[in-house]
Amino acid sequence: MLEKEKINKLNEITKETEIHDLLKDLLVGMGYSNVLVTHERGNVPEYGKDVISSLHDTIEDKLEWTAFVVKKGDITGTSTSNIEIQSQVKECFGYPYESLKHGKINVSKVKIVTNGKINSGAKDKFYKDEFFNKNANISFWSNLDLIKYIDNSFPRYWLRGSKKYKHYIEIFQNKNKQDDFTKALGITDAKIEKLLQNTIKLKLIEIYYDDSTAQFKRKLFGIEDLNNLSECALIVGESGSGKTTLFKQIANNIIYQNSIRNECEYYPILLKFTDIRDNNFDIIQTITEYFEKDVYKPLEIDFTELLKAKNFIIFVDALDEIGEKESKNKALEAIKKFQNENPEIQFFCSSRNSDSLLGTCRELDFRYFEINNISLQQAESFIGRYFDDEKVKSERLLKSLKDSGILDKLPKTPLTLTLLTSLFDENGYEIPATIADLYRYFVDILLSKSIKENHLDLLKIGVHRSVLSYLAEHLHTLKKKNIKKDELEQLVSEFANKRGQNYDVKELLDVLVQDINLLVENDRGEIEFKHLSFQEYFTAYQFYNHSINGKNYFIENFNDVWWQNVAIFYAGMTKDSPQLIDEIIKRAKPTDFHEYLINVAGLGYLIQALYNTPVENRLNAISTNIENIHNALKFILTTEDDKFFEVKSFLHTTYGAHKILAYWYDFHHSSITLKEPLENLFKEMKSKLENPLEFKTKEEKKEYEYSTYLIASSLLNIDFDDFEKYNQLINLVDKDNYYVQGLIDSDFAAKYKQLSKEDKSRKQVKKFMQRISFLDENKIINNVNVSIKDGKKIKTLRKFKK
C-alpha cells in the first residue's frame, strides 16, 4: 500500500471517535498499557483528555501516564480549533483524571493527534504561548506520524475486506505470535522487543537438479521470492532453525501483499502433517476440520467457497513428526495430488533434515530448500545490535563464544543464539558446553522464575521437573506428541500416588501450561510440549536420572530419528561415556541405505556431545561412520529394490553418490570438538597410504583413499582455508582414482570462491592451486559419469567443476 493510499484511508475518517478506536489498538501495539478512552467513562470529567495510557518507567519502577488530545482534519495556523486544543492541553496537565483502578492520575506528557496535516504555522502559533514554549512534554502526531506508527505496530489496520476476514486474520496472527520462550523467561517487554527487532535474517539454499550437467546444485534463494513460487515447496532445517517462524513471515507478507495492495481477501492456513495423517491423508477434510476448530468455528467460514475462489495458501509444518517414511511419502503425495487439481494454490511444507526428502521432492516436483546455519558473523551482528547500548556485555559474550567455540558445538540456529543471548543478558550464565547444558540452564530458569526462596517452593521445582520428565518418557516411548487433558490428569495422579505425594493435579498442570509455559494446549484441546526438542530433553533427563534402563530405547532404536535427539541430549548430560559409544555401535547396526545415513548423523552428533570421552572411543565411532559410508555406497550401487529407485535417481551417477555421501559425512563431523581425533586419524591413515604394500589389492587402496578424503574434508570444513591435508593426500592418491581427485578439485573450487583476496594470495593456497592444475579434467569427467541405474557411462558430458 503506497503512502498516498494510506493518507487517503486516514482522510476517510469522519468522526473523532474513529481515531479513538484506532488509538486503542495502536497504543497497545506500541507497548502502552491501561489504554482508556475517557468518553466511555460516562459522567467522569475528562479534563481535556480524550485518551490516556501508561508506559512503565523501568528506572523509577512506576507508571508514566500520557494523555492524547484528538482532533479530526488538518490543523493549520488559522484553525478555529487551535484555542480549544490549547485549552485541552492545559487541562490535561492541570487536573488529574479519576480512575477506579489507579486513583488520581496525573499525566506527564500530552500528544496532540490528528488524521490530517499539522503545518508549521500551527506549531509556531502554539509555541508562542508561554505554557507550550516552556513545556517540553507536548508533541504532535500528524497523519504521517500515524502512518509510521501504524506500519510498525498495528499494520492490520490497513487491511481491506469483510469483518469476518479481518477477524480471521486477527485470530490467525494472535495464534501464531513469534514469542517462543522469551515471555516465559520473565524477560522484560523491552528486551523481548529487542529480540524481535533484531531477529536473524534467515538464508535459504535451494538444492535443484541441473539436467544440463546431470548433477544437483545449490544456490542462495531470497526469502522474499518464496511468495512468487508456483510449485509446492519443502523447507528443511534443524530443530530451532526457524522453519515455523519463516512460515509466519511468509504468511504476513502474503496477507499484506494481497489484502492491502491488491484488496483481496487471502486466507493463510497453518496445518501440521499430523493433522493430514489423522484425516487419512485427505487434504480437503483436514482443512475443513481446521475451520471447525473452536477458535475459528464462530466465523462460519465455508471452505467450499474458498476452494472455488482459490484465495488461500497452505502451510504444513513438521513432516518429521509423522514418523515412518511411508506415511511421510503419503502426506507429500496427497499434497501434490491436491495441488495438481488446484494449481493456483501454494503449499509450503517444513521438516527437520532427512536423508530421503531430496529424492522424494525430485520425484514429486517439489522445490527443496535448506535453511542455512547461522555464521559467526551473523552471531556477532545479532549480539552487537542487541547490546547496542552495553558494549562491555556485548564484547564479553562474543569473547566467550569465540573462546569456548560453542557455536561449533551447538546447533547453529537462531533458537540457540536467542537462548544464549537471553540467558547471558538476564542471568549472567556462563556459556554452556553442550546443547544439553543449554537446555538445562533454560529449563532451570523456567522452573524457578515464579518460585520464592523458601523450602516448600524449592520442593515444587523438583515436583515440576519430575512430572515433566515422567510425561516426556510416557509420550516418547509411545511415539506420541500429545495427550488428552483427562488422560494427563490421570497419569499425573498415578505418578503422585506411586511416590506418596499429595498435590492438586489440576493446579499443578495449570502452572506448567500457563506460567512455566513448557507445556501448551493445542487446537484440539490436547496438551503437548511447546517444542518437540523439550520432550526429547526431558525424556533423556528421565533416562539419565530415574529410568536407568530407559537408555535401551534409544540404543536399540538409534537408527530411528525419533530417538536420536534423545540419545544426543543424554550424551550431553554425561559427556564422558565410552560404554555408550560402544553399545550403540554394537547394538544399533544399520541394514539399509537410509539406516546407514541416519547412523552416520547420529554417531557424529553423539561423539560431539561426548567431548570428554577418551579419544580412542570417539575414534572408534569416526571409523565406524567411515565404514557406514562405504556400506551405504555399496548398498545403493548394488541394490535392485524398487523402493530405492528415487534415491538412485537423486544420486544419478557413481560420482554423485561419492559426492553426496561425503557431504553427509562432513556435515556431521565438522566440529571443533572432533578436531583432535580427526587429526590423529588422518596422520595414521596418511602413514598407511605412504606404504602401498599395506594393501592387498588396488581396489582396497582406492577405498582407503576415499576414507582418508572423508577425514581431510571434515578437517577442511573445521579450519576452512587450510588445504595442507588435501595437498598431502593428492600426492598419495593413485593416478586413476578419479573419484577422489575429482572430489578434491571440486571442493577446492568451491572454497576458493569464498576466500578473500588476501587469502587467495597466500603461498599455501597458490601452491595447492598449482598442484590441482595438473589434474586431467577430461579423464576425470570420462571416468566418473557412470549411471547408478545401469552402470553405463553417461554420453552427454557435463562440466565437472562447480
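This is a predicted model: local features need pLDDT of at least 70, side-chain atom pairs count only at pLDDT 80 or more; totals for chains, interfaces and linings use all residues.
**Entry 1**

I began with the strand order. I found an open sheet of 5 strands, ordered β1-β2-β3-β6-β7, with mixed pairing. I then asked which strands stand at its edges. They are β1 (33-37) and β7 (138-141), and each of them pairs on one side only. From one strand to the next I noted an average twist of 25°.

I looked at one pairing in detail. Strand β2 (residues 51-57) runs antiparallel to β1, and 3 bridges join the two. For Ser33 I looked up the bridge partner in β2, and it is Ser54.

I also checked what covers this sheet. Helix α3 (residues 82-94) lies across β3 (62-71), β6 (109-114) and β7. Its direction makes an angle of about 165° with β3.

**Entry 2: helices α2 and α6**

Next I took helix α2 (residues 16-29) and helix α6 (residues 143-153). Their axes are 9 Å apart and the packing angle is about 60°. The two helices are therefore oblique to each other. I recorded the crossing of α2 past α6 as left-handed.

Which residues make the contact? On α2 I listed Leu22, Leu26 and Gly29; on α6 I listed Leu146, Tyr149, Ile150 and Ser153. Sorted by class, the contact of α2 with α6 holds 5 nonpolar residues, 2 polar ones and no charged ones.

**Entry 3: the sheet from β9 to β11**

I moved on to a sheet of 7 strands. This sheet is open, its pairing is mixed, and its order reads β9-β8-β14-β10-β13-β12-β11. At the edges I found β9 (215-221) and β11 (267-272). Each has a single partner strand, so one side of each has no neighbour in the sheet. The twist here averages 25° from one strand to the next.

Strand β10 (residues 233-236) is joined to β14 by 4 bridges.

Helix α11 lies across β11, β12 (312-317) and β13 (346-351), and runs at about 105° to β11.

**Entry 4: salt bridges**

I searched the whole structure for salt bridges. How many are there? The search returns 31.

The side chain of Arg367 forms a salt bridge with that of Glu206, at 2.6 Å from N to O. Arg367 belongs to strand β14 (residues 367-371) and Glu206 to strand β8 (residues 204-210), so the pair ties together parts that lie 161 residues apart in sequence.

**Entry 5: helices α30 and α34**

Helix α30 (residues 654-667) packs on helix α34 (residues 738-754) at about 55°, and the axes are 10 Å apart. That angle makes α30 oblique to α34. I recorded the crossing of α30 past α34 as right-handed.

I then listed the contact. Helix α30 supplies Thr654, Tyr655, His658 and Lys659. Helix α34 supplies Tyr739, Gly742, Leu743, Ser746 and Asp747. By class I have 3 nonpolar, 4 polar and 2 charged residues in the contact of α30 with α34.

Key
Residues are numbered from 1 along each chain as its sequence is written. Side-chain values use heavy atoms; hydrogens and water are left out. Axes are lines fitted to C-alpha atoms, for helices over the stretch in contact, and angles run from 0 to 180 degrees between N-to-C directions. Angles under 35 degrees count as roughly parallel, over 145 as roughly antiparallel, 65 to 115 as roughly perpendicular and the rest as oblique. A crossing is left-handed if the near helix is turned anticlockwise from the far one by less than a right angle, and right-handed if clockwise. Contact means heavy atoms within 4.5 Å. Ala, Val, Leu, Ile, Met, Phe, Trp, Tyr, Cys and Pro count as nonpolar, Asp, Glu, Lys and Arg as charged, and the others, Gly among them, as polar. Two strands pair if DSSP finds at least two bridges between them. A salt bridge is a side-chain nitrogen of Lys or Arg within 4 Å of a carboxyl oxygen of Asp or Glu.
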